[in-house]
Amino acid sequence: RVRYPSGDTDVGNLESGAWVLWSKLDPSDKPIPRRLVKLDVLTGDSAQPNSELDIAIELIQRRIKDRTCRDTLMDLAIDAHPGLLALVRKLGSKEETLEEWDRHALRLVDRTDTRAGSKG
């Protein structure tokens, strides 16, 4: 185990079987660091969403009541739909914009259904 001057430790202190995830939200993000990294260990309910996908899934589960709409939005989230992820970035992080997020997310479902219907 390596101890850094700041008191932080490296991956040697993680429990056996633990996962370390590194996610780049933007192509300009730095590559995976190799030294002097502080790791926050999150478990169970203390884990916070840390990516647009995690936030999108949480918002969909918590705020969209209609199952068909929820399923469509989950599919879009899993497919990393750029419009849905943009809504998450711009409207999904502040309490005062969540109703607007709901409205636009449901509009995205309608647009998706309309386009899918016109193909067949």
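Modeller: A residue counts as buried under 20% relative accessible area, as exposed over 50% and as partly exposed in between (1.4 Å probe, protein chains only). This is a predicted model, in which local features need pLDDT of at least 70 and side-chain atom pairs count only at pLDDT 80 or more, while totals for chains, interfaces and linings use all residues. Residues are numbered from 1 along each chain as its sequence is written, and side-chain values use heavy atoms, without hydrogens and water.

Biologist: Is Leu59 buried or exposed?

Modeller: Leu59 is buried, because its relative accessible area is 1%. In the protein as a whole, 23% of the 120 residues count as buried.

Biologist: How many helices and strands are there in the protein?

Modeller: The protein has four helices and zero strands (DSSP runs numbered from the N terminus: helices are H or I with at least four residues, strands E with at least two). Read from the N terminus, the order of elements is α-α-α-α. Leu59 belongs to helix H1.

Biologist: With which residues is Leu59 in contact, leaving aside its neighbours within four places in sequence?

Modeller: Leu59 is in contact (heavy atoms within 4.5 Å) with Ile64, Val88, Gly92, Leu98 and Trp101. Between the C-alpha atoms of Leu59 and Asp102 there are 8.8 Å in space, although 43 residues separate the two in sequence. For the protein, residues 24 or more positions apart account for 48% of the contacts with a separation of 6 or more.

Biologist: Which residues of helix H3 are buried?

Modeller: An α-helix has 3.6 residues a turn, so residues three or four places apart point the same way. In helix H3, which spans residues 82-91, the buried residues are Leu84, Leu85, Leu87, Val88 and Leu91. They lie on the same side of H3 because they cover an arc of only 160 degrees around the axis (taken from the directions from the helix axis to the C-beta atoms). The exposed residues Pro82 and Lys90 sit on the face of H3 turned away from its buried side.

Biologist: At what angle do the axes of H1 and H3 cross?

Modeller: The axes of H1 (residues 52-63) and H3 cross at roughly 85 degrees and come within 10 Å (lines fitted to C-alpha atoms over the stretch in contact, with angles from 0 to 180 degrees between N-to-C directions). H1 is therefore roughly perpendicular to H3 (under 35 degrees is roughly parallel, over 145 roughly antiparallel, 65 to 115 roughly perpendicular, the rest oblique). H1 contributes Glu52, Leu53, Ile55, Ala56, Leu59 and Ile60 to the contact, and H3 contributes Leu84, Leu85, Val88 and Arg89. Of the residues in this contact, eight are nonpolar, none is polar and two are charged (Ala, Val, Leu, Ile, Met, Phe, Trp, Tyr, Cys and Pro count as nonpolar, Asp, Glu, Lys and Arg as charged, the others, Gly among them, as polar).
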